[in-house]
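I opened my notebook to look up aromatic rings and their surroundings. Here is what I wrote down.

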Amino acid sequence: MIQSETLELLEWPRLCQHLSTFAATKLGAIVARNLQIPETQVESEQLLAQTKEVYELESRLHPGLSFEGIQDIGDSLERAILQSILPGEELLAIATTLAGTRNLRRVIDNQENVPVLSDLVSQLRTYPELEQEIHRCIDERGQVTDRASLKMGEIRIELRKIRGQITQKLQNIIQAKSGAVQEQLITQRSDRFVIPVKAPQKDAIPGIVHDTSTSGATLYIEPNSVVPLGNQLRQVIRKEQTEAEVIRRTLTEKVAAVTPDLERLLAIVTTLDLAVAKSRYSLWIGSNPPRFVDREDNEIITLRNLRHPLLVWQQQHEQGNPVVPVDLLISPQIRVVTITGPNTGGKTVTLKTLGLAAIMAKVGLFVPAREPVEMPWFSQVLADIGDEQSLQQSLSTFSGHIRRISRILEALEEGVRSQESGVRRKEEEGEGEGEGEGEGEGEGEGGRGGVSPPKIQEKDEEEGIKLPIPNPQSPVPSPQSLVLLDEVGAGTDPVEGSALAIALLKYLANHTQLTMASTHFGELKALKYEDPRFENASVEFNETTLSPTYRLLWGIPGRSNALSIALRLGLKPEVVAEAKTQVGEATDEVNQVIAGLEAQRRNQETKAAEAQKLLRQAERLYKEVSDKAASLEAREKDLRASQEIAVQQAITQAKGEIAQVIRRLQKGTPNAQDAQQATASLSQIAQKYEPAPPPKPKPGFMPKVGDRVRIPKLGQTAEVLTIPDADGNFNVRFGIMKMTVQLQDIESLDGQKPEPIVKPKPTPPVDTPPPAPAIRTSKNTVDLRGKRVADAEYILDKAISEAAGPLWIIHGHGTGKLKQGVHAFLQQHPRVTHYEPAEQADGGTGVTVAHII
């Protein structure tokens, strides 16, 4: 199939191999190497959503999602269904896979904003009871444990007992016949316990010879006295094997009973592992998530700084050359892009880069380009890249290209038929729902109506290959395909090749979403000026170094630069000069025009780079100024807060000192001397805490008679004859003229503006209302009944600090301790001038009224 051939041409298997190295499980690596390409945009968007959520999740987690313990248990599940008995190692692998999957689900469930992953793991069933049963019956080495069953425990006890008896007897023989023994040790041969005996003294220890050494000097003998015990041991071992098989069979049956759920678990874990591999690979090559756009809605294909992922891998993993990115900004109306330019300039790499980017987006990978990454969802990516010349199949370069292009056109038509049948099926379903019993007939007629029109074919006389003749005037609905053609029309006569290339590109303009083709034919460059669906691009060539720069230039047709390249590669200068004369003046003039456009383009890019540099500098300076302004604002805020705290402390201290002065006056009968001392104390307090007066403003300029002033409106200097009146008008003289001017129209000779005359505003008389009588409310009443003295003091202090007048304090009678504590606290508080019992209607002696200043 041409799709598979295209993947090989684009080196997609190599990219999948790179992706598989980021998989955490064996099954995930296998799936990554054989990555399936979705057939619908919905599937691609679902895969991209998985990759995005894993990408964001791993940025929050350290060291990321763990697949520890998860193994490939697919073969074990298949054998379990077939009623095979699984070995202990495979049963243990199933248990560790269940535990690892449970841990993975727990991590995802504990995260927020991962709806796709949460929905995926919600389908997992990890069977903790099966895992516990396997761990109970199978140890870490994969062997059945003693506790697996009561019978197994008894067998193991018997085994240890018999082995102990055999070992004891052999130790006695070794000690008794030490001269005949080669080494003081007990070993095993064929599951029988033996001792090494010197060959010449084998008769000293009669028994069964199970083995000999390589030299023949040592015989491994099982003494006759332990043979019955050895036989008994073998029988018990057989019992152990039988019981172990029964236990593993039981566990295998339990696994087989839940195999569908375990297969689903394995598929979900593999899906997660693949999403993690895509996320890590995308991060490693510096990719960004793509967004699928609809070109029918006038959305542009935006791929800035697009890099070839295999070249990025080569640069980072194999220390290759830096990757030169390309910019692809393709307008909605463009259907065909022709790339021209010299050989080795990067045309083929550009085609492969776009093809790989389209497939990467389809399978849920990020695209190695700068954000935003916006491109259509292509239903097919078809390519003719490289040379399909084959001696075995008698194919020339041209015929190889034509065969492949024929397969591309057939794939496009097959996609059209599939789309038409899908639309027809939907219409038939709609008719069937409306007609009810007439459904069968509608389906039959729809099936007969799906015959595609016959293809008109043309036979190439030289090659004998049939190629569909493009008919640009009959566009048909087509899937959203991307076609990539390298050196279209090459390998045959240039005139016929260019004609075939033009016809082919016009056909593809009607039948594909986008076609990108590289060529050396100058005739293809003119298609842009005949059809608005065509666009030109070229690869840049540095004539100074006579080498390509691998940069893609849009809107400018390229030059092949064949003569310059030939000269650089060592062709004789006189041959190149003769070739230039054969090219002709017209071609030379066109090349000069193109060279001028390229130079103008480079000049614009240089200026744009300089403007970008200035913009970055301005942004950096703006950020620095903003940071400094924010810092100053924060410092001002802190300073204001500290000043407010200092003012509050000063006010509190001043109130305390004033209260002390008032208390001294309240003690005894005050006289004139006491009043003078109190007045002096208050004056000192006022001087101490009163803020310093603001500096007096500097008096402005006020003209006097005889002063020289400047009149800016007239551009003259004048002498003041009168002082300004209440409206600011005064007389001046310059030369023989006198005139009246206003203050705002003049200035002093040193540039000072005059001080404006402010008319005093009459202030209306304010009637001062008499002070309102104190009224008891819930806000100025504090109930302390049932409180301890310490708690009451805290509540009182808070109430006094918030009070703006008398405060009613309810303490009741009781033992009288609370009342005494309240009075003692009020007596020493600086804001309380005096206190007294409340009126009888307000509670009498059970309530105290404190007067607050």
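I started with a definition: buried means under 20% relative accessible area, exposed means over 50%, and partly exposed lies in between, with a 1.4 Å probe and protein chains only. The model is predicted, so I kept in mind that local features need pLDDT of at least 70, side-chain atom pairs count only at pLDDT 80 or more, and totals for chains, interfaces and linings use all residues. Residues are numbered from 1 along each chain as its sequence is written, and side-chain values use heavy atoms, without hydrogens and water.

**Entry: ring pairs.** Rings of Phe, Tyr and Trp (its six-membered ring) pair if their centres lie within 6.5 Å; planes under 30 degrees apart are stacked, over 60 edge-to-face, the rest tilted. I found five aromatic pairs in the structure. In one of them, Phe22 and Trp313 have ring centres 6.4 Å apart and planes at 75°, so I noted edge-to-face. Trp313 is buried at 7% relative accessibility. Phe22 is buried too, at 18%. Ring pairs link Phe22, Tyr281, Trp284 and Trp313 into a cluster.

**Entry: a tilted pair.** I looked up Tyr55 and Phe366 next. Their ring centres are 5.4 Å apart, with 50° between the planes, and the pair is tilted. Tyr55 is partly exposed at 29%, whereas Phe366 is buried at 2%.

**Entry: charges over rings.** A charge sits over a ring if NZ of Lys or CZ of Arg is within 6 Å of the ring centre and within 35 degrees of the ring normal. Arg189 lies over the face of Tyr220, 4.2 Å from the ring centre. Lys362 lies over the face of Trp377, at 4.8 Å.
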